[in-house]
Each structure stands twice: as structure tokens, then as C-alpha cells.
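Welcome, and please open your viewer. We will go from stop to stop, and at each one you will hear what to select and what is there.

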Amino acid sequence: MRYKFHDIDWIKWSKPFFIASLVIVLIGILSLSIRGLNYGIDFQSGTSVDIAITKSVNGDDVKAFLEKEELGEYHLTTAAERLSIRFKAALTEDQQSKLESDFKSKFDDKASFEKNIVDVEIAKEQQTNALRGILIASIGIIIYIAIRFEWRYAISSVIALLYDAFIVITLFSIFHLEVNLPFIVAVLTIIGYSINDTVAIFVRIRENMRFAKVKSEADLAKVVNDSITQTLTRSINTVITVAFAAVCLFIFGSESIKMFSLAMIFGLISGAYSSIFIASPLWFWMKRKAKPAKPVKAQPAP
């Protein structure tokens with residue numbers, strides 16, 4: 001696929017987009033402070049019950065059965081040979097035993113049960129580990145980019161990828177979508193894709209800077225604009241390819257993979273956006289204020 005973007009002044013257009021990004025961040029902070037996140041069983045106390053069934057079971061009948069059991073708020077996922085029930089409350093051993101015996105007597109006496117309980121301390125530890133994973137990934141990227149390029153590239157790229165992660169978290173907060181371990185995996189994957197797009201542009205900027213005669217701010221802006229344009233086709237094709245796979249997973253995948261797929265879709269779009277309108281302009285704004293290197297004076301021959 002070929003695209004024509006040679007006449008677009010990306011640096012000029014980045015200013016209104018950057019302001020829009022700040023507005024989105026403020027909305028995200030407001031949403032997280034008011035609504036918070038809808039944590040799944042992986043990050044809050046509760047009980048997960050997976051039932052392997054040997055007979056066909058009607059989902060509405062199971063819901064009616066669970067209401068009679070009076071075990072509190074729950075989420076039911078049905079499949080051809082499996083039921084997954086997530087209770088918001090941590091069930092006692094007696095409640096678990098009664099649920100199993102009642103289900104077998106009513107629906108399937110050969111059904112097998114797998115139960116997992118997450119207490120409050122484990123849930124908090126999971127949340128802490130998830131944040132720690134994102135932080136370690138960000139620090140690693142800072143070190144890598146700073147070594148391979150320079151500190152301006154590192155700061156720009158990390159701000160962009162943290163923006164991508166925050167946008168996905170914000171959207172899940174606004175729409176009150178469930179946050180679970182696959183979601184955290186998706187966020188870390190998004191960080192990888194985002195930095196990949198950003199590095200592609202930065203590599204081209206570094207190459208173009210070697211041959212460009214940068215004497216003014218306009219010359220520097222032209223280098224950045226040309227670098228974005230030269231890598232844009234690659235970025236668009238990558239996003240379209242991966243997004244197509246993520247959409248298919250969301251439509252045809254199981255319930256457990258849907259949130260991962262949706263987070264990937266949000267993150268891929270945000271990653272392509274931030275590489276162009278956040279990372280590259282940030283580097284440009286920092287670079288234009290840099291003091292030019294002093295020319296080395298030639299030493300007179302002895």
C-alpha cells in the first residue's frame with residue numbers, strides 16, 4: 001500500500017494535537033479519580049469457579065440456579081464444554097461444596113470443578129507487580145534509547161509510551177471494562193509496539209541529521225517532517241496488519257481474550273499517534289533549544 005503525505009507539516013499540526021492529548025490526559029485523571037478501574041478477579045478478592053461439563057447446559061438456567069444459591073454478585077461465561085463463574089465475594093469452603101453438589105445434582109453429575117480464591121493481600125500484590133512491570137519496562141527503554149541515541153530521544157520516547165499506556169487505562173476506566181492479567185500483558189505489548197514505531201522515526205531522524213545542513217529552526221523541522229513521512233507507510237501497514245488480527249481475536253476469540261484484544265486495538269492506534277504527534281515533536285522542541293556545538297579551533301603547525 002502506498003500513501004502520499006509529503007506536503008504535511010507534521011510539526012505544525014502537532015501543536016493542536018498535543019493540546020488535545022493534554023485534555024485527554026486530564027479527562028483520564030478525572031475518570032480514574034472518580035470511577036477508578038473495574039478490577040477483575042486477578043486484582044481483587046473473590047472466587048473463580050471453572051466447571052468442565054459433559055452435557056449441554058442452558059445459560060439462563062445456570063443464572064437462575066446461581067440466583068437461588070445466593071452467593072452474591074457474579075459474572076458467568078458459557079462455552080460448549082465449560083462454564084466460568086467469577087464471584088465478587090470470596091466463598092467459604094462450605095459454600096463451594098454446596099455449589100458443587102447442587103450443580104451436579106441439577107445439571108451434570110460428571111462435571112468437574114476447579115476453584116481459585118484470591119484474598120485481599122494477593123490482589124494488592126498483583127496490582128503492585130503489574131505497576132512494577134510497567135515501570136521496569138519504561139526504565140529499560142530509557143536506558144536502551146539513551147545508549148543507542150541520546151537523552152532527548154529517551155525522554156521523548158518514554159513520555160510517548162507512557163501516554164499510550166495511560167490512554168488504554170483511561171478508556172478502560174471510562175467504559176468500565178474489566179482489568180485483568182491479560183490486560184496487563186496487552187499494556188506491556190503496546191509499550192513494545194509504541195517504542196518500535198518511535199524508534200523507526202528516530203533512526204530516520206538520526207540518519208537525515210548526518211547529511212542535513214541545519215542552520216535554523218525551519219531546517220530542523222524539515223528534517224523531522226521528512227523523517228516522519230519516510231517512515232509513515234511502514235507504520236501504517238504495521239498498525240493495520242496487527243489491528244486486523246486483534247479485531248478478529250476480539251470478534252471470534254473467547255471471553256478471556258476479548259479484553260486483551262480490545263486493549264491492543266486501543267494501544268495500536270494510540271502508539272501510531274503518539275510516535276508522530278508526541279515523541280517526534282518533543283524531540284524537536286528540546287533539540288531546537290540546544291546550544292550548537294562550538295567549532296574546534298585548528299591548532300597552528302609548529
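Ser-31 is found in helix α1, residues 10–34. Is Ser-31 buried or exposed? Ser-31 is buried, because its relative accessible area is 9%; buried means under 20%, exposed over 50% and partly exposed in between, with a 1.4 Å probe and protein chains only.

A word on what you are looking at. This is a predicted model, in which local features need pLDDT of at least 70 and side-chain atom pairs count only at pLDDT 80 or more, while totals for chains, interfaces and linings use all residues. Residues are numbered from 1 along each chain as its sequence is written, and side-chain values use heavy atoms, with hydrogens and water left out.

Now show the whole protein as a cartoon. You will find eight helices and six strands; these are DSSP runs numbered from the N terminus, helices being H or I with at least four residues and strands E with at least two. From the N terminus on, the order is α-β-β-α-β-β-α-β-α-α-β-α-α-α. Of the 302 residues, 40% count as buried. Among contacts between residues at least 6 apart in sequence, 79% join residues at least 24 apart.

Next, select Glu-70, in the loop between α2 (59–69) and β3 (74–78). Its phi is near 55°, a positive value in a residue other than glycine. Most residues other than glycine have a negative phi. Glu-70 counts as exposed because its relative accessibility is 68%.

Then jump to His-176, in the loop between α5 and β6 (178–179). Phi of His-176 is also positive, near 55°. At 39% relative accessibility, His-176 counts as partly exposed.

For the second largest pocket, select Leu-37, Tyr-39, Leu-131, Ile-134 and Ile-169, which are the closest to its centre of the 16 residues that line the pocket. A pocket is an open set of points on a 1 Å grid over the protein atoms alone, with protein on both sides within 12 Å along at least five of seven lines, and lining residues have an atom within 4 Å of a point. The elements giving two or more residues to this lining are α4 (120–148), α5 (151–174) and α6. The pocket's volume is about 330 Å³, a volume being the space filled by probe spheres set on the points, which are joined across faces, edges and corners. Which classes make up the lining? The lining has 15 nonpolar residues, one polar and no charged; Ala, Val, Leu, Ile, Met, Phe, Trp, Tyr, Cys and Pro count as nonpolar, Asp, Glu, Lys and Arg as charged, and the others, Gly among them, as polar.

Now for a cavity, a set of points where a 1.4 Å probe fits but cannot get out. Select its lining residues, including Tyr-193, Asp-197, Thr-238 and Leu-268. Helices α6 (181–211), α7 (217–252) and α8 (255–288) each give two or more residues to this lining.

Finish on α7, which bends by about 45° at Leu-232, the angle between axes fitted to the seven residues ending there and the seven starting there.

Conventions. Contact means heavy atoms within 4.5 Å.
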